[in-house]
Amino acid sequence: MGNNVPIHAPLFQAAQGVTLLGGGRVADADLAMALALAPDLVAADGGAAHAVTAGHMPLAVYGDMDSLSAEMRALIPDARIHAVAEQDSTDFDKALRHIDAPMVIALGFTGDRIDHELAVYHGLAARPEARCIVLGSHDLVVHAPPRLALDLPAQTRLSLFPLRDVTGQSAGLVWPIDGVDFHPARRIGTSNMTKGGVVELRFDGPGMLLIMSRDHLAAVAKAVRATSVWSRTTGAAWL
């Protein structure tokens, strides 16, 4: 991992994708869909209870463990539970920074408290080196990598929401982003549309969230796994 990421527990290293399960509401079908693309299951705190209840034993659990009951904790092997006591980060961040995998699909982190959901998107921005897709009930969100190519049908909604000042270039969008100075307080890019075929996106720095329908999860997961990511320390593209 590197990049000055604070490590407070053993890393969970996976050669394939990781499904990261949080404590929010998750349909069994959604969990199955995520596991089909990212078969190694890791939980963030209370997400472990959801996993066990759904018949899945998490391979690792990270968090401050304030949401995991003693009864549920007793069902999980002790060696898989990694308590991270500090209170300066969320359970989502505690888990994400301890995962070393080619791609992460995170679910159970959206749809309830708005402050918690915003903290998740802060976590995406804070971990630009993580290939993490947050899956909600309608949409998915990913921190846009330096370059991304997606084969999408025409009239696919593709939104860009900056968390800092960002510029970029595009091909295949109805409204190109070339020359646009994105900034969270001045210029955002929601509800753009695709022309049909391959959409190519390039960004000059980290900080852009890409939001689109969860119907395209498989395509986004494949593209995210194949591309470079941002260096957390320099903000440059990093393989």
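**Exercise 1. Find the aromatic pairs in the whole structure and classify them.**

Step 1. The search of this predicted model finds one aromatic pair. Rings of Phe, Tyr and Trp (its six-membered ring) pair if their centres lie within 6.5 Å; planes under 30 degrees apart count as stacked, over 60 as edge-to-face and the rest as tilted.

Step 2. The ring centres of F92 and F109 are 5.0 Å apart and the planes stand at 70 degrees, so the pair is edge-to-face.

Step 3. F92 belongs to helix α4 (residues 91–96) and F109 to the loop between β7 and α5, so the pair ties together parts that are 17 residues apart in sequence. Helices (H or I, at least four residues) and strands (E, at least two) are DSSP runs, numbered from the N terminus.

Step 4. F92 and F109 are both buried, where buried means under 20% relative accessible area, exposed over 50% and partly exposed in between (1.4 Å probe, protein chains only).

Conventions: residues are numbered from 1 along each chain as its sequence is written, and side-chain values use heavy atoms, with hydrogens and water left out. Because the model is predicted, local features need pLDDT of at least 70 and side-chain atom pairs count only at pLDDT 80 or more, while totals for chains, interfaces and linings use all residues.

**Exercise 2. Describe the ten-stranded sheet and the helices that lie on it.**

Step 1. The ten strands form an open, mixed sheet in the order β5-β4-β3-β2-β7-β8-β9-β15-β11-β13. Two strands pair if DSSP finds at least two bridges between them.

Step 2. From one strand to the next, the twist averages 25 degrees.

Step 3. β13 pairs with β11 (residues 157–162) in the antiparallel sense, over three bridges. M193 in β13 is the bridge partner of R157.

Step 4. Helix α1 (residues 28–37) lies across β2 (18–21), β3 (40–44), β7 (104–107) and β8 (132–135), at about 170 degrees to β7. Helix α5 (residues 114–126) packs on the sheet, touching β8, β9 (139–143) and β15 (208–213), and its direction makes about 35 degrees with that of β9. Axes are lines fitted to C-alpha atoms, for helices over the stretch in contact, and angles run from 0 to 180 degrees between N-to-C directions.

**Exercise 3. Which residues touch the most other members of the largest nonpolar core?**

Step 1. A nonpolar core is a set of buried Ala, Val, Leu, Ile, Met, Phe, Trp, Tyr and Cys residues joined through side-chain atoms within 4.5 Å.

Step 2. The largest core has 37 residues, and I133, L158, L160, F203, L210 and V220 touch the most other members. Helix α6 (residues 217–226) gives the most to this core, with five residues.

Step 3. A separate core of 26 residues includes F92, V104, V120 and L209.

Definitions and conventions:
Contact = heavy atoms within 4.5 Å.
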